[in-house]
Amino acid sequence: GPCTECSCSSGKEPDKDPSHTKKKENGDRLCVPKIFFGTRTHKQISQISRELKRTAYSCVPMTILSSRDYTCIHPLVSNSSNRNEMCVELLEGKHGRSCSFYHGVHKLSEHHALQPAPNVYQAWDIEDLVSLGRKLRACAYFAARELMVGADIVFCPYNYLLDPQIRETMDIKLKDQVVILDEAHNIEDCARESVSYGVTESQLRAAREELDFMVNNNIRQKHHEPLRAVCCSLI
């Protein structure tokens with residue numbers, strides 16, 4: 001079917017517009033584009049969601065993508081030094097444990113406070129989502145990701161849009177969508193960070209020793225010799 005106008009240009013209430021509920025047409029072509037709003041820091045997202053609350057578009061379906069550092073409420077995971085790794089371990093059921101918060105994710109993503117409705121729904125901030133998650137014992141990290149499916153506007157830090165690995169992990173598809181970058185003069189630094197990696201001298205020395213061993217024992221020499229040369233030159 002032809003694309004219907006988005007609710008803001010037709011002046012209709014978002015909830016009365018059938019195109020909002022059924023976004024996918026012809027299998028996978030998105031009819032109404034999403035707006036991805038990238039900011040430099042998480043703090044700026046809360047400022048912007050406050051501003052959104054003051055506009056006529058406060059009831060537009062939205063979500064905020066954020067790291068587990070800001071959203072995890074699992075007592076063990078949130079206090080560990082590597083939250084991502086520990087979360088994945090729990091979800092994979094290693095050591096016979098799992099995450100009850102993850103299993104309650106639908107309680108949060110389907111909660112009436114997050115379902116757009118005129119005069120009821122308000123734009124929310126990541127802190128609102130986390131405190132509601134605590135009340136419902138449900139995971140805010142995965143709820144925010146689920147809410148992205150029906151969201152018209154998605155707030156996130158720059159690197160979620162610029163870093164291809166994060167885009168893939170979060171299932172962010174930017175084709176035919178609207179991307180807004182706040183304070184875009186910071187983009188160069190962020191892009192550089194996305195493709196930069198830090199190593200210590202001791203890590204380099206350890207790598208060289210392992211590569212020496214590989215080369216001396218004739219293990220895939222043609223692959224390991226150039227790597228060893230890079231290690232040596234860096235050291």
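By class, five nonpolar, eight polar and four charged residues line the second largest pocket. Here Ala, Val, Leu, Ile, Met, Phe, Trp, Tyr, Cys and Pro count as nonpolar, Asp, Glu, Lys and Arg as charged, and the others, Gly among them, as polar. The model is predicted: local features need pLDDT of at least 70, side-chain atom pairs count only at pLDDT 80 or more, and totals for chains, interfaces and linings use all residues. Residues are numbered from 1 along each chain as its sequence is written, and side-chain values use heavy atoms, with hydrogens and water left out.

Let us stay with this pocket. Its volume is about 430 Å³. Of its 17 lining residues, Arg68, Asn84, Tyr141, Tyr160 and Ile166 are the closest to its centre. On a 1 Å grid over the protein atoms alone, a pocket is an open set of points with protein on both sides within 12 Å along at least five of seven lines, while a cavity is a set where a 1.4 Å probe fits but cannot get out; lining residues have an atom within 4 Å of a point. A volume is the space filled by probe spheres set on the points, which are joined across faces, edges and corners.

Now for the cavity. A search of the whole structure finds one of 30 Å³ or more, and the largest cavity has a volume of about 110 Å³. Among its 14 lining residues, Cys72, His74, Cys87, Cys99 and Cys139 lie nearest the centre. Its lining has 12 nonpolar, one polar and one charged residues.
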